[in-house]
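Please read it alongside the sequence and the coordinates.

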Amino acid sequence: MAVDLFEKLKVDMGPLGKHSDVSEGYFMFPKLEGEISPHMKFRGKDVLTWSLNNYLGLANHPEIRKADADSAAKWGLAYPMGARMMSGNTSQHELLEQQLADFIKKPDVMLLNYGYQGVLSVIDAVVGRKDAIVYDAESHACIVDGVRLHMGKRFVYPHNDVENLEKQLQRATKLTDETGGGILVITEGVFGMTGTMGKLKEILALKEKYNFRLLVDDAHGFGTMGPTGAGTGEEQGVMDEIDLYFSTFAKSMALIGAFISGDKEIVNFLRYNMRSQIFAKSLPMPMVEGALKRLEMLRDQPEHKENLWKVVNALQNGLKENGFSIGDTQSPVTPVVLNGTVGEAAALAHDLRENHSIFCSVVIYPVIPKGMIILRLIPTASHSLEDVDRTIKAFSAIQHRLTSGEYRENELAKSFKE
């Protein structure tokens, strides 16, 4: 008997499938409402939010809002029509690529419509059946999905374990010696969950012994890391040696879009071989001119990055001084690591939002091991030191309740009976 696909999907959803409102998005997805800022509304209540990747605070900056509005009024959202290689190219698209290349000091840049889709498509374009991929185990989902689509062999190494990476390179080299293929190593500049930097220097040092190309996804590093904000490659002094450097506009630039950069020859190859760009409409003009304005502010107004790091340092130092573990973060990404069950995490998150009016991402199993809870904070240039103080006080209160067992199921049941 044939199985109805949609019925099967409902079964695969498990307990969630029993909720009729799942399909409407009410059950699964929280809604933050109001102007983008550290202070928004959640279920009609004012909350201090630490979950927006608006690192430099540009999303609602007056200069940005004006540039976006002016461009939309001038061009609308339709122009240009068509893919870049057909009828969708403009001087402004080329200008943005040139200015990005100048800023990050890479020979060439290609604009991409989306970050997730872009990484997937880059991987698809540069590796073939005879090639091998070696990638970090904690890579973002876009990398993992791109690797899954690869028709050849792939090897994974534990997060930032360069010794194990070398072992995987030995295995990959043995394979490609037989197939005649090449090797692509993939890592992130800044890992979005832990805030650690990829060990780009150490990875690139292995090029003395092994023949490979390096792709770096620096979504969280571009705009936040390095003396000028040009990213983790600049921070570690190795931008010249990175073969393919990628970032999205969705983090520091608070916009849709992305870019891939490298030598002119490989970028030109990608222009004619990335299926997600060849067969898709190019970025609308307001996105392009909006990105030009954001890049100008990122480049010419260093105070935004300076304000970000004032908040980052106050938050991370304050958390450590109050006994919290924030892992090995080397970036604005601030994970607060606690011990507890999934049930305790749910109670903790509810307490944090309802009683302390603080909204942040709560990460639990199966994303991380059982028994661990991570509260993931994203500081921005728009946050204040008062926001930091309030958050640390609230975290101290919830940590006390967690360690005293108040979030356990039986304790919560008692409190409801009372």
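## Salt bridges

Arg401 and Glu406 meet through their side chains in a salt bridge, at 3.0 Å from N to O. The model is a predicted one. Arg401 has a relative accessibility of 27% and counts as partly exposed. Glu406 is partly exposed too, with a relative accessible area of 31%.

A search of the whole structure gives 17 salt bridges. Another of them joins Asp108 to Arg271, with the closest N and O atoms 3.0 Å apart. Asp108 sits in strand S4 and Arg271 in helix H9, so this pair ties together parts that are 163 residues apart in sequence. Asp108 has 13% relative accessibility and counts as buried. Arg271 is partly exposed, its relative accessible area being 22%. The pair also belongs to a network of salt bridges that links Arg84, Glu97, Asp108 and Arg271.

Glu166 and Lys209 form a further salt bridge, and their closest N and O atoms are 2.5 Å apart. This pair links distant parts of the chain, 43 residues apart. Glu166 lies in helix H6 (residues 162-179), while Lys209 lies in the loop between helix H7 (200-205) and S8. Lys209 counts as exposed at 59%.

| Salt bridge | N to O distance | Relative accessibility |
|---|---|---|
| Arg401 and Glu406 | 3.0 Å | Arg401 27%, Glu406 31% |
| Asp108 and Arg271 | 3.0 Å | Asp108 13%, Arg271 22% |

## The seven-stranded sheet

Seven strands make an open sheet with mixed pairing, in the order S4-S10-S9-S8-S7-S5-S6. Which strands stand at the edges? They are strand S4 (108-112) and strand S6 (153-157). Each has a single partner strand, so one side of each is left without a neighbour in the sheet. On average, neighbouring strands of this sheet are turned by 20° against each other, direction ignored.

Strands S7 (residues 183-188) and S8 (residues 213-217) pair in the parallel sense, over five bridges. Val185 has Leu214 in S8 as its bridge partner.

Two helices flank the S4 end of the order. Helix H3 (residues 91-104) lies across S4, strand S9 (244-248) and strand S10 (258-262). H3 runs at about 130° to S4. Helix H9 (residues 264-271) packs on the sheet as well, touching S4, S9 and S10. The direction of H9 makes about 25° with that of S4.

Now strand S5 (residues 132-136). It is mostly covered, with five of its five residues buried. In a regular strand, side chains alternate between the two faces of the sheet. Both faces of S5 are covered. Ala132, Val134 and Asp136 are buried on one side, and Ile133 and Tyr135 are buried on the other. S5 pairs with S6 in the parallel sense over five bridges. Within this pairing, Val134 has Phe155 in S6 as its bridge partner.

## The four-stranded sheet

A further open sheet has four strands in the order S1-S2-S3-S12, and its pairing is mixed. Strand S1 (32-33) and strand S12 (358-359) are the edge strands, and each pairs on one side only. Strand S2 (residues 39-42) and strand S3 (residues 45-49) run antiparallel and are joined by four bridges. His39 stands opposite Leu48 in S3.

## A buried lysine

Lys305 lies in helix H12 (residues 303-321). This lysine is buried yet has no salt bridge. Why does Glu235 not pair with Lys305? Glu235 is the nearest side chain of opposite charge, at 6.3 Å; a salt bridge needs the nitrogen and the carboxyl oxygen within 4 Å.

What does the side chain of Lys305 reach? It reaches the backbone oxygen of Gly226, at 2.9 Å. Leaving aside residues up to four places away in sequence, Lys305 touches Leu56, Gly223, Thr224, Met225, Gly226, Pro227 and Gly229.

Methods
Residues are numbered from 1 along each chain as its sequence is written. This is a predicted model: local features need pLDDT of at least 70, side-chain atom pairs count only at pLDDT 80 or more; totals for chains, interfaces and linings use all residues. Side-chain values use heavy atoms; hydrogens and water are left out. Buried means under 20% relative accessible area, exposed over 50%, partly exposed in between (1.4 Å probe, protein chains only). Lys and Arg count as positive and Asp and Glu as negative; His and the chain ends are not counted. A polar contact is a pair of N or O atoms within 3.5 Å; within protein, one must be able to donate a hydrogen and the other to accept it, and residues adjacent in sequence count only if both atoms are side-chain atoms. Contact means heavy atoms within 4.5 Å. Two strands pair if DSSP finds at least two bridges between them. Axes are lines fitted to C-alpha atoms, for helices over the stretch in contact, and angles run from 0 to 180 degrees between N-to-C directions.
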